[in-house]
Amino acid sequence: MVEYKAARWGRTFGKIDRFAPTSQTCSTCGRIDGPKPLSVRSWTCPCGAVHDRDINAAINVLAQGRWDNPNACGTRVRPTLVPAPRPTSRRETGIHPHAACSTRSVEGISVL
């Protein structure tokens with residue numbers, strides 16, 4: 001029902017795994033801390049983050065729902081890595097072999 005209503009109103013619908021451990025996963029560092037009884041309403045991750053069980057699960061559900069969906073600009077939320085272009089000359093990379101030997105001074109303070 002939610003999927004067709006989202007389509008009707010021009011919203012993006014993201015479906016996540018039903019058994020994803022959203023309340024067991026730290027939304028800060030990603031560590032899965034393991035199952036907890038429902039009586040545990042807040043917990044502290046070894047990374048130091050203190051989580052409310054429901055808020056932490058909501059953050060994780062939102063992140064998983066956005067994982068493969070395009071954002072408002074139409075691009076992926078998690079774009080693939082693109083290697084940087086290789087420079088064609090040493091000058092373009094900003095390497096100046098004699099720059100370290102400069103003896104210029106600024107207001108009387110020597111660069112060396």
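## A guided reading of the predicted chain

Thr28 lies in the loop between α1 and β1, where helices (H or I, at least four residues) and strands (E, at least two) are DSSP runs numbered from the N terminus. At 58% relative accessibility this threonine counts as exposed, a class that means over 50% relative accessible area, whereas buried means under 20% and partly exposed lies in between (1.4 Å probe, protein chains only). Its C-alpha atom is separated by 9.4 Å from that of Gly48, and the two residues are 20 apart along the chain.

The model is a predicted one, in which local features need pLDDT of at least 70, side-chain atom pairs count only at pLDDT 80 or more, and totals for chains, interfaces and linings use all residues. Residues are numbered from 1 along each chain as its sequence is written, and side-chain values use heavy atoms, with hydrogens and water left out. The pLDDT, which is the predictor's confidence in each residue on a scale from 0 to 100, averages 76 over the protein chain, and 63% of the residues score at least 70. Confidence is highest in strand β2 (residues 50–52), at a mean of 93, and lowest in strand β3 (residues 105–106), at 52. Where pLDDT is low, the predicted coordinates should not be read in detail.

Taken along the sequence, the protein chain follows the pattern α-β-β-α-β-β, with two helices and four strands. Of its 112 residues, 17% count as buried.

The loop between α1 (2–8) and β1 (42–44) also holds Lys36, which counts as buried because its relative accessibility is 16%. A polar atom of the Lys36 side chain lies 2.8 Å from the backbone oxygen of Gly34. In the loop between β1 and β2 one finds Pro46, which at 57% relative accessibility counts as exposed. The C-alpha atoms of Pro46 and Arg31, 15 residues apart along the chain, are separated by 8.7 Å.

The cysteines deserve a separate look. A disulfide is taken to be a pair of cysteine sulfur atoms within 2.5 Å, and by this rule the count comes to zero. For Cys26, the closest cysteine sulfur is that of Cys45, at 3.7 Å, which is too far for a bond. For Cys45, in turn, the closest cysteine sulfur belongs to Cys47, and at 3.6 Å that pair is also too far apart for a bond. Cys26 counts as buried, at 2% relative accessibility, and Cys45 is buried with a relative accessible area of 3%.

The largest pocket has a volume of about 170 Å³. Twelve residues line this pocket, and the closest to its centre are Thr25, Gly30, Asn60, Ala63 and Gln64. A pocket here is an open set of points on a 1 Å grid over the protein atoms alone, where a 1.4 Å probe fits and protein lies on both sides within 12 Å along at least five of seven lines, and lining residues have an atom within 4 Å of a point. By class, the lining has six nonpolar, five polar and one charged residues, with Ala and Cys among those counted as nonpolar, Asp, Glu, Lys and Arg as charged, and Gly among the polar.

Conventions. Points joined across faces, edges and corners; volume = space filled by probe spheres on them. Polar contact = N/O pair within 3.5 Å; in protein donor to acceptor, adjacent residues only side chain to side chain.
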